[in-house]
Structure formats: C-alpha cells, structure tokens
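Trainee: I would like to learn how to read an interface between two chains. Please show me the case at hand.

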Amino acid sequence: MSTLETQSVSKIYHMQGSEIRAVDAVSLQIQPGEFVALAGPSGSGKTTMLALLAGLLHPDDGEVLINGRSLRTMRKAELAAFRLTHIGFTFQSNNLVPYLTVRENVELMLRLNGALDQQGRARAVELLTRLDLGKRLDNLPSQLSGGQQQRVAIARALVHEPSIVLADEPTASLDTSRAHQVVSTLANLIHEQGRAGVMVSHDLRMCAYADRVLHMEDGRLVEEAVTA
Amino acid sequence: MLPLYLALKEMARNKRRFSAVFLIVALITLLVLFTSALGDGLSLGASEYFDRMGSELVVFQKDVDYQLQASRLGRSRLSQIRRVPGVAAVGPVGVSTAAIIAVNGAATDGLDVALIGVEPGEPGAPAAYAGEALNDSRAAHAVLDRHVVERLGIPLGATITLKVVQGMEEQLYDLRVQGFAEGRKVNYIPSIFVPLRRWERIRPQETPGGNEGADLLFNIAAVKLDQTAPPDAVAAAIERTVSQVEVTDPVTAYRTTQGYNDMQSTISMQQGFMLLIVVLIVGSFFQIQTLQKVAQIGMLEAIGASSRMVITTLLIQIMITLVVGLAIGGAVMWAMAQVLPATVPIVFSGTKITITILSLFAAGPAAAMVAARTILKIEPLRALGLSG
C-alpha cells in the first residue's frame with residue numbers, strides 16, 4: 001500500500017467569473033522511503049498540490065489518501081489532529097516560532113502530540129546534531145541563518161516520526177551551497193527513516209536529490225522522470 | 001499546558017515589547033480610574049451632606065423648590081413634626097457660609113466653609129470619628145468634617161477663628177474643635193458643625209451677634225422615622241399636619257440642588273465616553289497585536305495545532321497582559337490618591353471600578369477573538385504567504 005496516494009484530484013478557483021483549475025485531475029502514488037520532487041514553473045499548481053496532500057485544502061474532485069485513509073471525509077479538527085501525527089511540514093518562510101529556541105521549536109511538535117518525553121527530547125537533540133545544529137540548541141531563530149532555520153524546520157518535520165514529509169520550496173531563500181546541503185540532508189533522512197517525502201521546487205538542480213521528479217504545468221502532471 | 005507554555009515563552013522572550021504593552025494598559029487604566037474617581041468626587045461635593053445625614057426625610061419650607069438656603073423654618077414647626085405618627089426624632093439644620101482665617105491664632109490662607117447649625121444629638125448632627133460629637137447646645141464648639149481637617153491640618157482641641165459678615169462689618173468668632181466627622185460637603189464646600197444656638201449668633205446676618213429674643217430660624221428639618229410606617233406615608237402626614245412645608249427624601253433634596261443634574265449628566269457622559277473610547281482602544285490594540293501574528297498562527301495551524309489551542313494561547317496572553325496592566329494602573333492610582341492634595345476630590349466607586357475592569361477584560365479578549373476568527377478562517381496557505 002502506498003503511503004500517499006491521490007486519485008484524479010482537482011482544485012478549482014473561481015476568479016472574476018472565470019474558472020482556474022489550479023490542480024487538474026492529478027493522480028500519483030508515493031511509497032515509504034521514496035523522495036519525490038514536484039517541479040514546474042511558478043503558477044503551475046505545485047504548492048496547491050502540496051496543500052491538498054497536507055489536507056490544508058479540500059479537493060473539488062478526487063481523493064487524497066494517506067496510509068489508506070481518505071482526507072475527504074475528515075472535519076477541520078480531525079484533519080489538524082491527523083496532520084499532527086502523520087505529516088511533517090517545512091515551508092518557504094515563517095517556518096519557526098520566533099520566540100522559541102531551536103530545541104523548543106523542534107520539541108513543539110512533540111508537545112503538540114503530547115509525546116514530549118525523555119526519548120523524544122533525545123531524538124530532537126540527535127536530529128539537530130545530525131543537521132549540524134548541535135551547538136545552536138539554545139539559539140532563537142533570529143540568531144540563525146536562513147539555511148540553519150530550514151534545517152531546524154526539517155528536524156521539526158521529522159521529530160514526531162511522521163509517515164509523510166512535505167517541503168515547500170525549502171531552498172527558496174538559500175544560496176546554492178546551502179541549498180544543496182539542506183536538500184541532500186532532507187533526502188538522506190527521508191530515505192533512512194523510510195518516510196514518504198514530497199518536495200516542491202522550481203530549481204531543477206535540487207530535484208536531482210529526489211527519486212522521482214513530477215513536472216506540473218497549468219495544474220496537470222505533464223512529465224515524470226526517475227533520477228539516477 | 002501548551003497554550004500557557006507558549007504564552008509565557010513569548011512574553012519572557014519579548015520582555016521589552018510586553019513591558020511596553022503592560023505600561024500602555026496601566027496608563028489606560030490609570031486614565032479611566034482617575035477621571036472616574038474625579039467625576040465621582042465632584043458629584044459627591046453636591047450630595048455628601050444629605051447622603052450622610054442619617055435621616056429618612058428632609059422638611060423644607062413650601063414652594064422653595066427644595067433650595068436649601070431659600071427655605072426658612074421656625075421652632076414651632078419642629079414640635080408639630082415631632083408629633084406626627086411615624087416620626088422618631090427631628091432635628092433643625094441651619095446652613096450658611098463662613099471662612100476659617102486662623103488656627104490657634106495663626107493665620108491661614110482662608111478656607112470657605114459651610115457653617116452648619118445643628119441640635120446636638122438630634123438628626124442632622126454628625127457623629128465624630130475622632131474626638132467628640134457636639135453635646136452642648138450653646139458652647140462655642142465645632143465639629144469639622146474630614147475635608148477641613150485634611151486641608152488645614154487642624155488638631156483636636158485647636159481654636160479656629162471664623163470670619164463672617166454681619167451687617168456691614170466683618171466679625172470674627174473663635175470656636176474650639178471638639179471632634180472630626182466624615183466628609184459632609186454642601187454645595188461643593190467642606191463643612192463645620194456648631195450648635196444651632198451658636199450658629200444663630202455667628203451666621204451672616206443683619207445684626208451682629210444675632211437677636212437673642214427672636215424666634216430661632218433654621219433652613220430645614222432632618223427627620224428620623226421609627227419604621228412603623230413607610231416614609232412616603234409619613235411624608236404625606238407631615239405635609240397634611242404641618243402648614244407651609246414640603247417633605248422629601250435626602251436623595252431628592254440634593255438632586256434638586258441648582259445645577260446638580262446638569263453637572264451630573266456632564267460627568268456621567270464624560271465617564272461613559274471615556275470608558276467607551278478606552279474599551280475601543282484596548283480592543284483595537286489587541287486586535288492589531290493578534291493580526292500581526294497571521295504568519296505564526298498559519299504556521300501553527302499548518303503543522304497541526306488546533307484552532308482551540310491557538311485561541312487559548314491568545315486568550316491567556318491577553319488575560320495576563322490585562323491583569324498585570326490593571327494591577328500596575330490600580331497600584332499607581334492608589335499611590336497617587338495618597339499623595340494628591342486634599343483639594344483634589346477623588347472618590348473611588350466600587351461599582352465603577354468593577355465596570356471599568358470588567359469592560360477592559362471583555363474588550364481585549366473579544367477583539368482578539370474577532371481577529372483570531374478572521375485569521376483562522378484564512379487558509380493556512382494564505383496566512384503563510386505561499387503561492388503555487
């Protein structure tokens with residue numbers, strides 16, 4: 001069974017009398033331990049697709065299934081609880097709570113899940129150390145570089161051991177070397193821990209770290225490529 | 001508890017910002033409490049004597065519209081009132097003005113006072129919180145109200161010198177201070193109480209020293225009831241039995257004081273507007289503070305935090321802010337009240353303080369909830385500024 005599956009999922013926006021199909025009948029399957037990149041030009045529907053996968057948006061048509069469970073029938077509170085346990089999320093920006101330290105930001109996911117114990121704390125520190133942030137545990141986000149903040153977000157997305165990790169343009173504000181470092185670390189952790197990972201990126205160089213690259217244009221999946 | 005943890009962490013890590021917020025709430029609290037206390041203090045200046053008279057009814061001369069100094073009553077009416085069923089006691093009250101120009105022979109700046117003549121032990125005569133109440137119907141003794149004592153710092157047993165105009169001349173009279181009574185302003189000026197016969201001699205009049213042979217006149221009669229009949233029935237009985245009098249209760253008596261209603265409505269309007277403006281300011285303030293957290297709230301929702309948790313965090317933070325701000329504002333107000341000169345009439349009304357506190361406590365969270373509701377309605381994607 002796929003960890004993540006969409007069945008002809010569509011999202012339509014109505015603007016000034018016209019209909020915009022932001023995501024148009026997209027079907028995909030992602031297996032545990034697989035890292036998939038969603039690529040495409042700006043406005044192609046990548047982020048809307050990611051939002052549908054996370055249950056942040058309801059599809060107008062089709063189904064999103066996570067571990068075989070359909071998100072369609074879930075109410076808002078149920079979706080939030082589901083997201084909390086099954087999904088790890090990183091964003092382009094505004095990733096971290098500004099008044100929590102690096103360690104506290106990562107532990108926040110465990111607190112939200114009611115699972116902050118000795119083991120969880122140790123896992124948080126281990127992940128942060130792995131992401132080369134072992135000496136930054138007590139720093140606030142404002143004391144970190146953009147790349148470091150992204151790595152904290154990656155740790156937060158993984159610490160509660162979700163089945164799916166979603167990343168929206170994680171390298172958007174990073175220089176090239178930092179971007180490579182962040183994406184390769186994300187890919188390694190997803191592979192090692194057997195999560196299903198989806199990364200939205202318009203930078204094809206970053207897509208090289210993915211197992212598959214799905215190209216979107218005008219809301220449709222137009223091409224699928226398997227990387228070496 | 002996660003919401004409390006997040007609320008406290010944000011406050012602890014943004015001490016300067018939250019100190020400024022506390023200060024703003026404290027200053028707003030101080031402003032509302034001060035203007036409210038000042039307004040109540042001014043109102044009290046018109047009602048204090050009647051409020052503390054301790055009588056259920058007040059008898060005026062008929063057709064003077066309950067104007068204190070226009071009313072004239074004589075001794076004969078007192079005995080008629082006393083005989084009306086339901087009346088327990090009746091006391092004459094004469095009101096005029098004088099100025100205290102010296103204390104123990106040392107000149108003061110001159111303080112205008114209401115010179116009130118009462119029958120010792122009868123309704124209208126004040127109880128003393130220090131020293132003794134008046135007990136000799138002829139002695140040159142006085143009981144001072146708290147305002148006079150605070151303004152001039154007069155000790156018990158001191159001799160005060162009053163200046164009054166009698167005929168065409170200024171006359172000076174010495175009185176020994178026998179006791180202190182709670183504040184009893186009449187028409188916004190503080191009071192001193194003297195026995196009615198002494199008052200008759202020293203009040204402003206045509207003949208210096210008064211006229212011993214004349215009928216003793218005073219302004220009103222304070223009536224205490226024996227509670228065997230309702231006040232309205234006793235008032236009607238007095239008006240039937242005693243000619244040329246009108247009877248009312250103390251509250252009506254001060255409400256009909258010239259200008260009282262105009263002043264009272266002005267003060268009430270000012271207090272109401274002040275509270276309304278402050279509530280809107282506090283509401284807007286917390287609304288803006290909440291709207292500034294759009295990205296943060298969107299991110300929390302996106303990673304799976306429930307709306308309830310987000311709202312509880314906001315509410316806890318606002319309540320802490322209000323409690324701290326109100327406590328600081330209240331403490332500063334209390335400290336100010338201790339050091340402000342006695343000439344500044346400040347009176348704290350429990351009801352108004354409660355209304356103020358409850359209004360602020362309601363406004364902050366309500367406005368924040370409106371903002372939070374707006375934010376929570378926005379998809380986390382928009383809150384995060386993402387686009388595809």
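Trainee: How many residue pairs are in polar contact across the interface of chain A and chain B?

Mentor: Keep in mind that this is a predicted model. Across the interface of chain A and chain B, six residue pairs are in polar contact, both partners being at pLDDT 80 or more.

Trainee: Which elements give two or more residues to the side of chain A that touches chain B?

Mentor: They are helix H1 (46-54), H2 and helix H3 (102-112) of chain A. H3(A) supplies the largest share, five residues. Sorted by class, the side of chain A that touches chain B holds 16 nonpolar, 11 polar and seven charged residues.

Trainee: How many salt bridges does the rule find across the interface?

Mentor: A salt bridge needs a side-chain nitrogen of Lys or Arg within 4 Å of a carboxyl oxygen of Asp or Glu. By that rule, three salt bridges cross the interface of chain A and chain B. One of them joins Arg13(B) to Glu104(A), with the closest N and O atoms 2.7 Å apart.

Trainee: What area do chain A and chain B bury between them?

Mentor: The two chains bury about 2,500 Å², and 66% of this lies on carbon and sulfur atoms. In residue terms, 34 residues of chain A are in contact with 26 residues of chain B.

Trainee: Why are H2(A) and H9(B) described as roughly perpendicular?

Mentor: Angles of 65 to 115 degrees count as roughly perpendicular. Helix H2 (residues 76-86) of chain A packs against helix H9 (residues 294-303) of chain B at about 75 degrees, their axes being 7 Å apart. H2(A) and H9(B) are therefore roughly perpendicular to each other.

Trainee: Which residues make that contact?

Mentor: H2(A) contributes Lys76(A), Arg83(A) and Leu84(A), while H9(B) contributes Glu301(B), Ala302(B) and Ile303(B). In this contact of H2(A) with H9(B), three residues are nonpolar, three are charged and none is polar.

Definitions and conventions. Residues numbered from 1 in each chain as written. Chains lettered and ligands numbered in written order. Predicted model: local features only at pLDDT ≥ 70, side-chain atom pairs only at ≥ 80, totals over all residues. Heavy atoms only, no water. Axes fitted to C-alpha atoms, helices over the stretch in contact; angles between N-to-C directions. Helix = DSSP H or I, 4+ residues; strand = E, 2+ residues; numbered from the N terminus. Parallel < 35°, antiparallel > 145°, perpendicular 65-115°, else oblique. Contact = heavy atoms within 4.5 Å. Nonpolar A, V, L, I, M, F, W, Y, C, P; charged D, E, K, R; others polar. Buried area = accessible area lost by both parts, 1.4 Å probe. Polar contact = N/O pair within 3.5 Å; in protein donor to acceptor, adjacent residues only side chain to side chain.
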